[in-house]
Amino acid sequence: MTRWNTSHIPDQTGRSAVVTGANSGIGYATARELARHGARVLLACRNQARGMAALERLRSEVPTAEAEFRPLDLSDLSSVRDFAAALDDFDGDRLDLLINNAGVMALPYRTTADGFEMQFGTNHLGHFALTGLLLPKLLATPGARIVTVSSMLHALADLDYSDLNSERSYRRWIAYGRSKSANLLFTHELTRRLAAAGSQVVAASAHPGYAATNLATAGVRMEGRTSTERMVDLVNRALAQHPAGGALGTLCAATAPHMRPDSFVGPRSGLRGAPAQCFRAPWTKNAANAERLWAASEELTDVHYDFSRPTAAF
């Protein structure tokens, strides 16, 4: 994967993709490149106005794009269920790519509509539920992939399994790191379960490096810390790469031939550059913890994965 870039994306004609959080940043860049290479892309975004604006922008930048928008709020499990239930008319019974991209970062303490700590609830539980609800489509599609966007900041913290919702103690960056570790543990256990079921669906993870998106400023903006927001903007301009560069890891994990299951792909330096297989903290491959998180996630979301559905002939 040396110096991999968007010119290496194979033709995606005939393939369908759902990209969460596709209204801006690396999610938008991911959706745009998939559409540019022929995929039918669904932009799944929380805010309808921003989602529709992103759709119009995509169609202007890629006039041949086959794309649409549908509302999805990952911080509300009823929205996740409604989205999945209404997806039957999107490319029939198949789904080639599920890009679990949306997320929040370093917010002041908030809870989701279902009472979960916002970062854990949105970044992990929302995508856990969405993937499980869409699994029948993925299992029925030859060559399907599930890509979950994590972060090198997963290395900040392993999960505290006795306090998944940070009810006893909350530190915003530690909570973010835990949610990103949860993304990697989810992919690890999903890979194991897919293999045990005899499925060739590939689950992989990616990270964007340091990309200039609105994630970094969202938390301080919510608290009205304008001076900190300006400082973050300056650092972004000096050090961060463009969202198109941040999307390369996701696009590589989603489209590169022979991607290994449970890969973690992104800039090797951690900040910017061509995607490659990257370091991940050892706890993100701990089988016992991965199973523990999976069991807790099923209980919290009431979404139970069914790997017994007939899978595609490969």
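Q: Where is L153 found?
A: L153 is found in the loop between β5 (145–149) and α5, the names being those of DSSP runs numbered from the N terminus, with helices (H or I) of at least four residues and strands (E) of at least two. The model is predicted, and therefore local features need pLDDT of at least 70 and side-chain atom pairs count only at pLDDT 80 or more, while totals for chains, interfaces and linings use all residues. Residues are numbered from 1 along each chain as its sequence is written, and side-chain values use heavy atoms, with hydrogens and water left out.

Q: Why is L153 called partly exposed?
A: L153 has a relative accessible area of 34%, and buried means under 20%, exposed over 50% and partly exposed in between (1.4 Å probe, protein chains only).

Q: What makes L153, L156 and W173 a nonpolar patch?
A: These three residues form a nonpolar patch on the surface, with about 260 Å² of accessible area together. Patches are made of residues with over 30% relative accessible area and no salt bridge, where nonpolar side chains (Val, Leu, Ile, Met, Phe, Trp, Tyr) are joined within 5 Å and like charges within 9 Å. The areas come from the Shrake-Rupley method with a 1.4 Å probe, and for residues only the protein chains shown count as cover.

Q: Why are R15 and D96 said to form a salt bridge, and what does the pair tie together?
A: The closest N and O atoms of R15 and D96 are 3.6 Å apart, and a salt bridge is a side-chain nitrogen of Lys or Arg within 4 Å of a carboxyl oxygen of Asp or Glu; the pair therefore qualifies. R15 lies in the segment before β1 (16–20) and D96 in the loop between α3 and β4 (97–100), so the pair ties together parts that are 81 residues apart in sequence. Both R15 and D96 are buried. A search of the whole structure finds 16 salt bridges.

Q: Why are R36 and E33 separated by about one helical turn, and why do R36 and E33 fall into their accessibility classes?
A: R36 and E33 are three residues apart in helix α1 (residues 25–36), which means that about one helical turn separates them. Their side chains meet in a salt bridge, at 3.3 Å from N to O. R36 counts as partly exposed because its relative accessibility is 41%, whereas E33, at 9%, counts as buried. R36 and E33 also belong to a network of salt bridges in which R32, R57 and E61 are linked with them.

Q: What makes E189 buried and R193 partly exposed?
A: E189 counts as buried because its relative accessibility is 1%, while R193, with a relative accessible area of 24%, is partly exposed. Their closest N and O atoms are 2.7 Å apart in a salt bridge, and both residues lie in helix α5, four residues apart, about one turn of the helix.

Q: How do you know that the structure holds a cavity, and which residues line the largest cavity?
A: On a 1 Å grid over the protein atoms alone, a cavity is a set of points where a 1.4 Å probe fits but cannot get out, and lining residues have an atom within 4 Å of a point. The structure holds one cavity of 30 Å³ or more, and about 70 Å³ of space lies in the largest cavity, a volume being the space filled by probe spheres set on the points, which are joined across faces, edges and corners. The lining consists of E117, F120, L159, D160, D163, L164, S166, A175, R178 and S179, and helix α5 (residues 172–196) gives the largest share, three residues.

Q: Why is D262 called buried, and what phi does D262 have?
A: D262 has a relative accessible area of 13%, so D262 is buried. Although D262 is not a glycine, its phi is positive, about 65 degrees, and D262 is found in the loop between α9 (248–255) and β7 (264–267). D91, likewise not a glycine, has a positive phi of about 60 degrees and lies in the loop between α3 and β4, where D91 counts as partly exposed because its relative accessibility is 25%.

Definitions and conventions:
On a 1 Å grid over the protein atoms alone, a cavity is a set of points where a 1.4 Å probe fits but cannot get out, and a pocket is an open set with protein on both sides within 12 Å along at least five of seven lines; lining residues have an atom within 4 Å of a point.
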